[in-house]
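Visitor: I have a model to look at, and I would enjoy a walk through it. Could you show it to me first?

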Amino acid sequence: MKPLDVSRREFIRTAAAVGGGLALTLTLPGLARESGGSWGGGSSAPRSPSAFLQIGEDDAITVISPAVEMGQGGHTAMPMILLEELGGAWRHLRRVDDAAAAAVYANPRTHQQLTVGSFAVRGWYTELRRIGAAAREMLIEAAARQWQVSPHECAAADSLIIHRPSGRRRTFGSVASLAAGLAVPQQPALKPAERFELIGSSPPRVDIPAKVDGSAVFGIDVRVPGMLLAAIKTCPTLGGKLKSFDDSAAKRMAGYHATVPLADGIILVGQTYWQAKKALDAVRVEYEPGPLGNLDSEKISSLLHAGLDEQGVVARDDGDVRAALAGAATTIEAVYEVPYLAHACMEPMNCTALIDEQGDGEVWCGTQAPQSAQAAAAAVLGVSAARIKAHTTYLGGGFGRRGEADFVTQAMTAAKAVGRPVKLIWSREQDIQHDFYRPAVVMRGRAGLDRTGRMIALDCHVVTASSGPAFGRKVSFTVGLDDMSYAIASFRVTGVDKQIGVSFGYWRSVYRSHNPFMLEGFIDEIAHRAGRDPYEFRRSMLQRAPRQAGVLDLLAQKSDWAHPRPGRHLGIAALPG
């Protein structure tokens with residue numbers, strides 16, 4: 001794949017002429033930087049609208065979404081934000097495409113091209129508004145030039161440019177080609193919130209029709225000419241390796257094409273997935289189990305509980321917990337434990353990969369991290385990431401699992417070995433057995449109450465595997481504990497990083513999914529021992545967190561907490577804000 005040798009001015013002129021609209025028919029990864037684009041919103045110019053927006057002469061609007069669609073509504077939320085500022089009519093939205101793997105689509109919050117951690121709307125909200133506003137000003141400028149009037153006399157709404165004094169109108173599509181050649185405004189003006197029409201409304205989700213009529217394409221639905229299908233099995237013990245295999249029986253089976261050995265298992269390539277899977281079952285495999293060969297749930301639990309006697313790191317230390325517990329009228333202690341959990345996405349891991357005649361690669365998969373998929377495929381081929389084209393499909397569940405790219409590596413390895421396009425599909429057993437799990441964890445809580453039932457001391461000690469520093473935190477695995485909002489005079493949080501060797505990753509967050517759960521369970525036990533209502537007990541400790549207190553009050557009101565009903569049980573919690 002040769003680099004483009006074209007100036008920005010020549011490119012815009014040519015693309016506008018060919019595309020017939022604001023849409024550029026080709027996206028350059030460096031486009032935002034070339035135009036002085038912003039990577040985080042704020043004072044510099046927004047990223048070039050051409051990387052995110054296409055407007056055809058027929059007024060059809062296509063939005064290139066920087067956030068993938070995995071059931072969370074990203075393909076609806078992203079266009080809503082952009083079209084709000086653009087002044088585009090929702091009825092003209094024709095298509096939402098996932099962004100290609102490119103730096104211009106890096107999330108302003110995470111600075112990576114990721115759809116994780118509920119950062120899609122939070123990360124892109126301001127930047128997409130500024131992109132939409134910049135495109136709006138470009139369209140207005142184009143119409144004003146045609147009318148030979150001041151842009152300040154014009155407005156954009158309902159996919160129209162309106163000249164207020166005369167009432168003249170032009171459609172977006174009629175001026176899009178001219179707008180495409182204009183400079184991107186450096187400081188586009190944003191709408192005041194009181195003028196919002198799309199943001200805050202509930203338009204129909206754009207992904208639902210295709211998912212209902214069956215036309216939606218998930219990774220597992222991808223088909224390319226000449227494609228073979230593959231099944232995989234790797235060592236059932238974590239960290240184990242392939243020792244030997246005998247595929248003589250598989251070679252005699254219908255549809256067999258090739259056996260591709262891996263460091264830790266084998267891929268069986270066949271004409272259909274079922275043929276590949278049946279042939280794979282016929283392969284006799286011997287593994288070297290590795291250092292975790294004898295690891296089981298009981299051993300994991302024992303290792304974690306042993307960490308309760310280790311000091312670990314101090315994440316928070318208010319007051320004097322030791323003295324407060326010693327002087328408490330009542331002390332309570334409890335130990336909580338949660339196991340490793342798999343993501344268990346509805347759609348098992350899969351990827352389609354091919355290598356063209358020039359040695360460039362192409363992959364199709366549901367991924368939360370397109371650039372990670374691109375990099376994984378490039379590593380297999382020993383080429384630069386720029387020589388890999390990554391296509392993102394709908395995701396049949398993600399939850400963090402599809403931020404990894406192990407299945408992309410395997411698919412490209414198979415395609416390289418057989419010289420044909422290959423779609424690799426994991427079985428459900430492979431999917432559960434070789435996940436990047438949410439870590440197992442043990443937490444011990446100790447609390448002290450005074451004679452009135454007020455909590456005067458809380459000590460939380462957590463033992464789990466740390467992912468290392470993340471999101472600006474030196475200690476990641478105590479999050480959800482050390483940042484809680486309860487006002488307790490003596491409060492201490494410590495943690496032990498217990499690396500067992502089990503692969504783990506994001507699982508709809510990581511530590512925030514179990515730490516607050518364990519803490520709030522302990523708070524319930526403390527409230528019960530104090531003879532206090534769980535809501536009132538929590539409410540009394542939120543005097544320094546008015547926002548959280550307000551949410552808790554509203555929850556109690558809406559649930560009619562004060563009037564319990566026989567046969568129905570309510571629970572309440574106040575998570576860190």
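Visitor: How many disulfides does the structure hold?

Guide: Happy to start there, with a word on the model: it is predicted, so local features need pLDDT of at least 70 and side-chain atom pairs count only at pLDDT 80 or more, while totals for chains, interfaces and linings use all residues. Residues are numbered from 1 along each chain as its sequence is written, and side-chain values use heavy atoms, leaving out hydrogens and water. A disulfide here is a pair of cysteine sulfur atoms within 2.5 Å. By that test, the number of disulfides in the structure is zero.

Visitor: What about Cys-351: how far away is its nearest cysteine sulfur?

Guide: Cys-351 counts as buried, since its relative accessibility is 0%. Cys-351 is in no disulfide, and the nearest cysteine sulfur, in Cys-365, lies at 4.5 Å.

Visitor: Are helices H4 and H5 roughly parallel or roughly perpendicular to each other?

Guide: Helices (H or I, at least four residues) and strands (E, at least two) are DSSP runs, numbered from the N terminus. Axes are lines fitted to C-alpha atoms, for helices over the stretch in contact, and angles run from 0 to 180 degrees between N-to-C directions. H4 and H5 (residues 172–180) pack with axes 8 Å apart and at about 95°. Angles under 35 degrees count as roughly parallel, over 145 as roughly antiparallel, 65 to 115 as roughly perpendicular and the rest as oblique, so H4 and H5 are roughly perpendicular.

Visitor: Which residues outside its sequence neighbourhood is Gly-132 in contact with?

Guide: Gly-132 sits in H4 (residues 119–147) and is buried because its relative accessibility is 0%. Contact means heavy atoms within 4.5 Å. Setting aside neighbours within four places in sequence, the partners of Gly-132 are Leu-82, Glu-85 and Leu-86.

Key:
Buried means under 20% relative accessible area, exposed over 50%, partly exposed in between (1.4 Å probe, protein chains only).
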